[in-house]
Amino acid sequence: MRSDVTIIGGGPAGLATALSLDAAGLSVTVLERAPLAALADPAFDGREIALTHHAVSILRGSGAWARIPDIGISLLREARVETGRHNHPLTFDTHGTGVEALGYLVSNHLIRRALYEEVASRPGIVVRAGVATRRVRDDSDGVTVLAEGGDVACRLAIAADGRFSDIRRLRGIGAIIHDFHRAMLVCRMAHESPHHHVATQWFDDGQTVALLPVNGGASSLVLTLPPDQIETLRTMDRDRFNADIMARIGNRLGEMRLVSTRHVYPLRAVYAHRFAARRFALIGDAAVGMHPITAHGFNLGLKGQEILAQEIVAGMARDGDPGSARVLRRFEARHRMATAPLFAATNGIATLYTRDEAPFRQLRRAGLRVADSLAPFKAAVTNMLMDNKKTA
């Protein structure tokens, strides 16, 4: 089998890349280990994705945004950061910006479904599900992706197989892996008090809690604790779980009850040493796997594939080669510039706000109060959260 580009991994980043390259007139093959049913109708996995305005514009341009039901798109009107109890919060909102929301919260499984439905409608994209990829082999004029059920010869292979990418490792690319020695439990909780579309990130002694507003009188709970404590909560009976969560958040939303399955994810951030090799590129978490504290992981994945598509289009215009060394050099330089500062800052914030020693607690309490009084700082962070600028 032959294709212009082969994408290894049919998650959101991989599918978004396929749509961008199809729009550029390239033939694309997507290889995904999961069965077709998991692509076509992905199960709820607990994760709510905070999409920036730029991310929404990418999804809208790809055709996927129109496939997400309106009820599944929740406005994020305000974000609050708190530390400890009864402390001055740092708040961000859209006042003076002329837009309705900082961003939009959409369940990961709805994004995945919408992207797959759009991919399935494109005759230029071939999806092979239930297929394990063994490795990428260099050829004289391209590469061949060795996979179950038949190899694919192409001019560019793209790994989008997650932050612990086997293909990245097999292509000789290492990665910085930052283990926070914490686990994250995510689920949906219905509650009696309205959330007013306000997201709260709360750094308490011994735990980090995020409450993300979703439609239907509910919030997505994101709770970070040591892995053993998270496992206890994951298996706890519902009544005890509800009481435990209400106590943890100080009953701020009144009576709460679990209305979804519970899901657990280890907290590890990943940054690849390189984003490209000969006729090979990394996209999404395979390139940069962010700590979720700033909610920018998938947004960076979308931005990365946009940059790659732009450079491929430019390369095709120059010499008709989507996987040339020049294309990949320019992609890597631009994507590193877009991700390295945010990755470093996010890890620094995560460390500061999850350490419970007295100096760290005092520093973050003072820092929130000072930051909330600095209008230029708040404006800069608000712009980062919204990301209204196009990638050029």
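Tutor: Let us begin with how elements are named: helices (H or I, at least four residues) and strands (E, at least two) are DSSP runs, numbered from the N terminus. Glu117 lies in helix α4, which covers residues 108–120. Residues are numbered from 1 along each chain as its sequence is written. The model is predicted, so local features need pLDDT of at least 70 and side-chain atom pairs count only at pLDDT 80 or more, while totals for chains, interfaces and linings use all residues; side-chain values use heavy atoms, without hydrogens and water.

Student: Why is Glu117 called partly exposed?

Tutor: Buried means under 20% relative accessible area, exposed means over 50%, and partly exposed lies in between (1.4 Å probe, protein chains only). The relative accessible area of Glu117 is 31%, and therefore Glu117 is partly exposed. Of the 392 residues of the protein, 55% count as buried.

Student: How do you know that the span of helix α8 is close to the expected one?

Tutor: The expected span of a helix is 1.5 Å times one less than its number of residues. Helix α8 (residues 297–319) has 23 residues, and 33 Å is expected; from its first C-alpha to its last, the helix reaches 33 Å. After α8 comes Gly320, with a positive phi near 75°.

Student: What makes β10 and β11 paired strands?

Tutor: Two strands pair if DSSP finds at least two bridges between them. Three bridges join β10 (residues 143–147) to β11, and the two run antiparallel. Within this pairing, Thr144 stands opposite Ala153 in β11.

Student: In which sheet do these strands lie, and what is their order?

Tutor: They belong to an open sheet of three strands in the order β9-β10-β11, with antiparallel pairing. The edges are β9 (133–138) and β11 (152–154); each has a single partner strand, so one side of each is left without a neighbour in the sheet.

Student: What is the mean pLDDT of the protein?

Tutor: The pLDDT is the predictor's confidence in each residue, from 0 to 100. Its mean for the protein is 87, and 85% of the residues reach 70 or more. Over residues 374–382, however, the pLDDT is below 50. Beyond near neighbours in sequence, that stretch has eleven contacts in the model, a contact being heavy atoms within 4.5 Å.
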